[in-house]
Amino acid sequence: MFKRTHPYPPFIPEGSTKLIVGTLPPPRFVTQDFKLGDVDFCYGSIDGLLWKVLDEAFSLQLSYETTVKAIEQRKNFLQKYKIGICDIVSSAKRKKIDASDLGMYDAELRPIVSILRENPSIETLLLMGGNSKNGPEYFLRKHLKTHQISLILENEAHPKEHFFKLSDHRNIRVVSLISPSGAANMAIGSMQEYKELKNKNPKFNTFDFRVKQYATYFS
């Protein structure tokens, strides 16, 4: 078993109103052993879909390469739309060299509550996945519990929406989006909304479904 520490500090532009929250990048981002097309930044894996989906949704014309230019393109988007990134896992142990959330053990979490208090403009957490074990919602619940804060369900339809009270005068909205990992494609395929859209347009696919959902919540 080996320990991996998150290679990127939180990136939170001034005035951010939304915060992307995931877990850990693939182990090669810690060792800097990049694949062709990887970007040395949050969600930079060429195998991941977050930036590809946002690229399509917002017509960004992003580069997919290990260059400063590619990093700056992504930072510019986040600054323009006042979106930060702060994955919840600071470090975790793994038995295998893979990016599976289920393969993480003894996860140490970032102090999301404290980070939110330091950034009073943040109103919404965009979770990159649901409440499956070791997913961002799973760890958020665990972290909030240590602060005696409850996650309250507000909308059960997909994507699920919760909120929690950070103070008497501040509620934080929490949206559990479809994971940008290809592993979530099977789950998308079983959703009634996806089936209906697919019936209307046989060319509609799981990537299109993510574009539709992410465009709504990242705007």
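Tutor: An axis here is a line fitted to C-alpha atoms, for helices over the stretch in contact, and angles run from 0 to 180 degrees between N-to-C directions. We're looking at a predicted model, where local features need pLDDT of at least 70 and side-chain atom pairs count only at pLDDT 80 or more, while totals for chains, interfaces and linings use all residues. Residues are numbered from 1 along each chain as its sequence is written, and side-chain values use heavy atoms, without hydrogens or water.

So, α2 (50-58) and α3 (residues 68-80): their axes come within 12 Å and cross at roughly 60° (helices are DSSP runs of H or I, at least four residues, and strands are E runs of at least two, numbered from the N terminus). That makes the pair oblique, meaning neither roughly parallel (under 35 degrees), roughly antiparallel (over 145) nor roughly perpendicular (65 to 115). The crossing of α2 over α3 is left-handed (the near helix is turned anticlockwise from the far one by less than a right angle; clockwise would be right-handed).

Now the side chains: α2 brings Trp 51, Leu 54 and Phe 58 up against Arg 74, Phe 77 and Leu 78 of α3, contact being heavy atoms within 4.5 Å. Those residues split into five nonpolar, no polar and one charged (nonpolar is Ala, Val, Leu, Ile, Met, Phe, Trp, Tyr, Cys and Pro; charged is Asp, Glu, Lys and Arg; polar is the others, Gly among them).

Gln 32 isn't a glycine, yet its phi is positive, about 65°.
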